[in-house]
Amino acid sequence: MEVLLVEDEKTLAIPLADALRDEGHHVTMLHEGPAALAWLSEHPCELLITDVRLPGADGIQLLERARKQDPPASCLVMTGYATVEQAVAAMKQGAMSYLQKPFPTEALLSLVRQADELRSMRDEIRRLRAEAGGETSGLSGQSTQVRDLQGRIDAAASWHAAALIS
């Protein structure tokens with residue numbers, strides 16, 4: 001999995017990056033918010049692991065950027081200065097979890113495994129939808145009438161218009 005790890009404390013970042021690499025992930029490690037924002041503008045990642053307090057930008061800004069990717073990245077937020085408000089803000093922005101430092105490396109790795117499983121399931125759903133001909137309306141059948149109706153539904157969907165089918 002493509003992981004972006006953003007942590008300004010190198011004594012924490014390096015062992016975490018090593019543990020993630022040992023699990024088979026490709027890890028990009030950055031230590032400042034602006035560098036991470038720039039990296040996210042140029043590269044997709046499947047998982048963002050970020051500290052909340054960073055030089056130049058906070059982790060919530062990174063979280064917002066990573067969640068706007070297509071497909072959105074899974075995000076784990078960590079901090080040494082946890083507040084309920086901060087945790088709620090991170091979760092509202094789409095964070096998978098919020099870790100308070102210090103935490104056992106295995107706790108983070110467990111969450112990374114969950115994110116990887118979720119990514120695998122999403123990929124499988126996309127693959128199955130593509131094999132089935134993309135998004136479907138739930139119609140079943142191969143008759144000319146059903147295919148014609150599906151074509152009309154697809155046409156209406158491309159216009160993002162409401163349609164009444166009777």
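## Briefing on a predicted protein chain

The protein chain has a radius of gyration of 20 Å, whereas a compact globule of 166 residues would have one near 15 Å; the radius is taken over C-alpha atoms, and the globule rule is 2.2 Å times the number of residues to the power 0.38. The model is predicted: local features need pLDDT of at least 70, side-chain atom pairs count only at pLDDT 80 or more, and totals for chains, interfaces and linings use all residues. Residues are numbered from 1 along each chain as its sequence is written, and side-chain values use heavy atoms, leaving out hydrogens and water.

**Overall form**

- The C-alpha trace spans about 65 × 30 × 30 Å along its principal axes.
- Six helices and five strands make up the secondary structure, in the sequence order β-α-β-α-β-α-β-α-β-α-α; helices (H or I, at least four residues) and strands (E, at least two) are DSSP runs numbered from the N terminus.

**Interior**

- Buried residues (under 20% relative accessible area, 1.4 Å probe, protein chains only) form 35% of the 166 residues.
- In the largest nonpolar core, Leu4, Leu48 and Leu62 touch the most other members of the 23 residues; such a core is a set of buried Ala, Val, Leu, Ile, Met, Phe, Trp, Tyr and Cys residues joined through side-chain atoms within 4.5 Å.
- Two or more residues of this core come from each of β1 (2–6), α2 (33–42), α3 (59–67), β4 (74–79) and α4 (84–92).
- Another core, of 19 residues, lies apart from it and includes Met1, Leu20, Val27 and Phe103.

Methods
Buried < 20%, exposed > 50% of the residue type's maximum accessible area, 1.4 Å probe, protein only.
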